[in-house]
Amino acid sequence: MRHNRIDNLAFTILHELGHIALHLKGNKEIRFMDLSKIEENEFENEANLYAQESLIPSEYWNDLLENYLPLSDKEICDFANKYRIHPAIILERACFEMNYYGIKTTIDKKLY
């Protein structure tokens, strides 16, 4: 693992499951992964979207955007409790989507 964060672990697992569900399920012979290069391609983008949607479905995310902004720890935790999603997953998606990693927070993201 690159990071000691619950959101990173959850996203990575679901990303890889996305490859299985989307790309390997119907064709077990396909070869598309090159671990020596990090680059975006159709397979990686699809697996990323699979993970993103699995962690926080679009309808939930739209609820956050419509009813929980501006974000603070309280809003993130209220949303997390409503949908039973770890607050760190919501926080990191918000940081990624809004390209704002400077948000002040007390939400614990560490795995151990």
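## R5 and its partner

R5 is partly exposed, at 24% relative accessibility; that class lies between buried, under 20% relative accessible area, and exposed, over 50% (1.4 Å probe, protein chains only). R5 forms a salt bridge with D7, with 3.0 Å between the closest N and O atoms. A salt bridge here is a side-chain nitrogen of Lys or Arg within 4 Å of a carboxyl oxygen of Asp or Glu. D7 is buried, with a relative accessible area of 9%.

This is a predicted model: local features need pLDDT of at least 70 and side-chain atom pairs count only at pLDDT 80 or more, while totals for chains, interfaces and linings use all residues. Residues are numbered from 1 along each chain as its sequence is written, and side-chain values use heavy atoms, with hydrogens and water left out.

## Salt bridges within helices

Side chains of opposite charge can pair when their charged atoms come close. The whole structure holds five salt bridges. One of them joins D78 to K74, whose closest N and O atoms are 2.7 Å apart. These two residues are four apart in helix α4 (residues 73-83), so about one helical turn separates D78 from K74. Helices are DSSP runs (H or I, at least four residues), numbered from the N terminus. K74 is exposed at 53% relative accessibility, whereas D78 is partly exposed at 34%.

In helix α5 (residues 87-98), E97 and R93 are also four residues apart, about one helical turn. E97 and R93 form a salt bridge, with the closest N and O atoms at 3.2 Å. E97 is partly exposed, with a relative accessible area of 38%, but R93 is buried at 12%.

## Aromatic rings

There are three aromatic pairs. In one of them, the rings of Y60 and Y83 are stacked, 3.9 Å centre to centre with 20° between the planes. This pair links distant parts of the chain, Y60 being in helix α3 (residues 58-67) and Y83 in helix α4, 23 residues apart. Rings of Phe, Tyr and Trp (its six-membered ring) pair if their centres lie within 6.5 Å; planes under 30 degrees apart count as stacked, over 60 as edge-to-face and the rest as tilted.

Y60 is partly exposed, with a relative accessible area of 24%. Ring pairs join Y60, Y68, F79 and Y83 into a cluster.

## Cysteines

The search of the whole structure finds zero disulfides, a disulfide being a pair of cysteine sulfur atoms within 2.5 Å. C77 is partly exposed at 29% relative accessible area, and C95 is buried at 3%.
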